Amino acid sequence: MKKFTVLLVEDNPIYAKLVMLLSEDKAHVTWCTNLKDAHCALQSQQFDIYLLDLYLPDGDSIEFCRLINTPKKEETITVFLSGETDLEWRLRAFEAGAENYIAKEIPQQLLKLKLDSLLEYQAKRLRALKCAKKDSQLQTDRSFRTQLDNNALIHFYRHCLNLNDIHKFADYLSSLMESWDLDYIARLKLADGTEYHFKNNNEAICEMELELFDELEVNAANVQSFGQSTFFKYQQAELIVKNMPTDSYSKGSLIDIFHYVVEAIDIRLNEIAKLQHMDAIIQEIKAHTAAHQDDKSMALLNELVDDLAAIREEKDLNDENDDLVFF
């Protein structure tokens, strides 16, 4: 156990030397005989423990205790050493911020036990405080990381909803992966059998990676981890994310995020397919109406085409809006 720094404020030299003797193996003690010197000591050094006599030549130490505990210094403790045993003084000491109150009349052996217990108590407090601060920082870091993760996911969702050019998935996925410094491989399959393959830095997907997709598609669950990579599968979208983090919290968070990413891609692919199908219907109706001479029929069909085109335009969100600022 490390030696603690102790400020002892005691005007009785015999009692002060006894306290220093009993605690010398575990503490470096600075001894002051009055409150004025104690205030000066505070200006030049920080202490782990304050041992205060109640009555001193220049006043009682209650206000001094209140001063060193306002604002509350979490890493220090204050203990009174006093011949006063009345409850009133104990209550005043407690209200001023003291953690303990030791009567001076106790035998030397008991005083030694109390001082050792006090030093051990402070050691445990500091260890617990260190762990609590570490946990608090970890929670703060996780909350901040979670907010960044959520922002990145929302940003990607917004892009997906605006997407009409399937090739732009490559840029959006690359931008998303940069948030975590990850690599990816994606395969998108349309209803007509057309496949799109995307990879970091617009690299070409290799034969082994295509074979891996084929095998995972058949044999793996919708989410499957292997080593530091994780495979995600939806109906028309498949994604392999490489160099995933090893700690369970970060990895679990990213698995949730990329599950939603693949789902968003799949949803947008279905929307694109519907828009393309609507385009085909519109073109077919236009070609069909060109062969008819019935004015009323043509008017009705043209009205239907206009309605379909309006619906299609409403659903066809514009890719040109990609420069919108995201907060």
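Colleague: Which residues is I265 in contact with, leaving aside its neighbours within four places in sequence?

Modeller: Contact means heavy atoms within 4.5 Å. With those neighbours left aside, I265 is in contact with F156, C160, F169, L173, L188 and A237. Keep in mind that this is a predicted model, where local features need pLDDT of at least 70, side-chain atom pairs count only at pLDDT 80 or more, and totals for chains, interfaces and linings use all residues. Residues are numbered from 1 along each chain as its sequence is written, and side-chain values use heavy atoms, with hydrogens and water left out.

Colleague: OK, and which residues touch the most other members of the largest nonpolar core?

Modeller: A nonpolar core is a set of buried Ala, Val, Leu, Ile, Met, Phe, Trp, Tyr and Cys residues joined through side-chain atoms within 4.5 Å. Buried means under 20% relative accessible area, exposed over 50%, and partly exposed in between (1.4 Å probe, protein chains only). Here, F258 and I265 touch the most other members among the 35 residues of the largest core. At least two residues each come from α5 (108–162), α6 (169–178), β8, β9, β12 and α8 (248–289), with α8 giving the most, 10 residues. Helices (H or I, at least four residues) and strands (E, at least two) are DSSP runs, numbered from the N terminus.

Colleague: What is the strand order in the open sheet of five strands?

Modeller: Strands of a sheet pair through backbone hydrogen bonds, either parallel or antiparallel. Two strands count as paired if DSSP finds at least two bridges between them. In this sheet the order is β2-β1-β3-β6-β7, with parallel pairing. Because β2 (27–32) and β7 (100–103) are the edge strands, each with a single partner, one side of each has no neighbour in the sheet. Six bridges join β1 (residues 4–9) to β2, and F4 has A27 as its bridge partner in β2.

Colleague: Now α7: which of its residues are buried?

Modeller: Those are E209, F213 and L216. They sit on the same side of α7, because they cover an arc of only 75° around the axis (the arc is that of the directions from the helix axis to the C-beta atoms). The face turned away from that buried side carries the exposed residues E207, M208, E215, V218 and N219.

Colleague: And R66, buried or partly exposed?

Modeller: R66 is partly exposed, with a relative accessible area of 25%. R66 lies in helix α3 (residues 62–68) and, leaving aside neighbours within four places in sequence, is in contact with E95 and A96.
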